[in-house]
Amino acid sequence: MIKKVTPRQIAPFLILAAVAIAALFIPAASAFEDKEGVYNGADIAWIIVATALVFLMTPGLAFFYGGMVHRKNVISTMIKSVVAAGVVGVLWVVVGFSLAFGQSQGGIIGDPTTFLFFKDVVSGAPWSLAPSIPLALFALFQMMFAIITPGLVVGAVAERIRFTSYILFTVLFCLLVYAPLAHWSWHPDGFLFKWGVLDFAGGTVVHISAGCAALAGALVLKRRKVHIENKEIPPANVPYVLIGTGLLWFGWFGFNAGSALGANGLAVSAFATTNTAAAAAGLSWMFFDVVRGKKPSVLGFCIGAVVGLVAITPAAGFVAVPQSIFIGAVAAIISNIAVYYKQKSSLDDTLDVFPCHGIGGIVGMIMTGLFATKTVNAAGNDGLFYGNPDFFFTQLKGLAIVVAFSFTASFLIFKFINFILPMRVTEEEEELGLDATQHNEKYLQGTLLVSKNGSMKEEEVSNTAE
């Protein structure tokens, strides 16, 4: 029997169909002719690789989050991270790149018609801050940042958000939060860029925005039943978390070192600070757990390493390698303490996205204000540690604006979606698990031979058994 389909269910397909048909009428354009020889083959090769590395972080994030939730919610959690590659992958080409990097409208947002449907991207001159690579490659590199950012929010609202509502959140977040922040911070005419706020690879644009959105989402969706009952949920698959951490760490080299936008010494320096901060943070989190009376754990090291990667992101191309040890170690301790106090509160941020990504990004921006030095990057600035309090306060001012905007805008987005669509699954669906109720799929599939009363009986694998 065919179930009746509602207009709300049809709407996403119709919107995609309309976009696909509209794309047919966009004229093809020839590639930009590099008559003056500004392109650099090494730079192009490296940024292509870096772009692919950043994309790898999205399935890496899916494994990282998927391994930490209850086994009845593994698939639903993983697909929410990965589906952003589809949603943002189309949205960025249609209008996202224009809003972030189009002709500036008062330093606030880009003109949506500048690169509509990637108009003039393939045929356009290189981006002013990336003159040695094609504009299309710069646009694709930036797309990968836009893809992973809404995926980070998934961890805070996991195990209770409807899939269709999350899709709508991804669209609105990308257009109304991510694109403006990218314009403010990375467009030469963006107001934060003009102020001199430094964010090398996404401390504000990616991690603080996602962390604040995660906090807003957790507040709007409220607590899970298991959280209210104070039940401890065992991770579904710790090896998944380890695999996810490895993929994230590997991909982060493209994230940070690629943000040098060339195969140069700055990329090498950012690569080194990235690895060093992650290493120090993983050890710091694990050792701090031991100091608090816990045993060293795989989860502890993995979460700590990711916090270190988050904290070094805004600073990667502005600080020296030795200081990155301090940044990673301190960020891990601060986030560890934040997680401890969050667990004692009524806030149900399922996978601690705000304490790790939000606070980790905030610490990273502050550390950039402390330890940035023109010795590493002449295009940057000297921080407070090098005798420049003005820049440090500029970082704090920019940080405050980004936190306030990200949280407020994301909170309103969640409230709006909750008004037009139910964001949260029903109590029965939450109990059964989102894998089955949202996707009709199972993380554990097949049958097992079970011994009962001296005989072997084949039984279907249960996803809901405790």
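**Briefing on the predicted model**

A search of the whole structure finds 0 disulfides, where a disulfide is taken as a pair of cysteine sulfur atoms within 2.5 Å. The structure is a predicted model, in which local features need pLDDT of at least 70 and side-chain atom pairs count only at pLDDT 80 or more, while totals for chains, interfaces and linings use all residues. Residues are numbered from 1 along each chain as its sequence is written, and side-chain values use heavy atoms, with hydrogens and water left out.

**Cysteines**

- A disulfide is a covalent bond between the sulfur atoms of two cysteines.
- The sulfur of C174 has its closest cysteine sulfur in C212, at 17 Å, which is too far for a bond.
- C302 is likewise in no disulfide, and the nearest cysteine sulfur, that of C356, is 12 Å away.
- C174 counts as buried at 1% relative accessibility, and C302 counts as buried at 1% as well; here buried means under 20% relative accessible area, exposed means over 50%, and partly exposed lies in between, with a 1.4 Å probe and protein chains only.

**Salt bridges**

- The count comes to 9 salt bridges, each being a side-chain nitrogen of Lys or Arg within 4 Å of a carboxyl oxygen of Asp or Glu.
- One of them joins the side chains of D348 and R160, at 3.9 Å from N to O. D348 lies in the loop between α13 (321-343) and α14 (353-371), and R160 lies in the loop between α5 (135-157) and α6 (163-186), so the pair ties together parts that are 188 residues apart in sequence.
- Both partners of this pair are covered by the protein, since D348 counts as buried at 2% relative accessibility and R160 is buried with a relative accessible area of 0%.
- K231 and E229 also meet in a salt bridge through their side chains, at 3.4 Å from N to O; K231 counts as exposed at 52% relative accessibility, whereas E229 is partly exposed at 39%.
- In the salt bridge between E430 and R424, the closest N and O atoms are 2.9 Å apart; E430 counts as buried at 10% relative accessibility, while R424 is partly exposed at 23%.
- Salt bridges that share partners join E159, R160, R224 and D348 into one network.

**A nonpolar surface patch**

- V5, I10, F13 and L14 form a nonpolar patch on the surface, and together they have about 400 Å² of accessible area.
- Patches are made of residues with over 30% relative accessible area and no salt bridge, with like charges joined within 9 Å and nonpolar side chains (Val, Leu, Ile, Met, Phe, Trp, Tyr) within 5 Å.

**Overall form**

- The secondary structure comes to 17 helices and 4 strands; helices (H or I, at least four residues) and strands (E, at least two) are DSSP runs, numbered from the N terminus.
- Of the 466 residues of the protein, 53% count as buried.
- The accessible surface comes to about 20,000 Å², of which 67% belongs to carbon and sulfur atoms, with areas computed by the Shrake-Rupley method with a 1.4 Å probe, and for residues only the protein chains shown count as cover.
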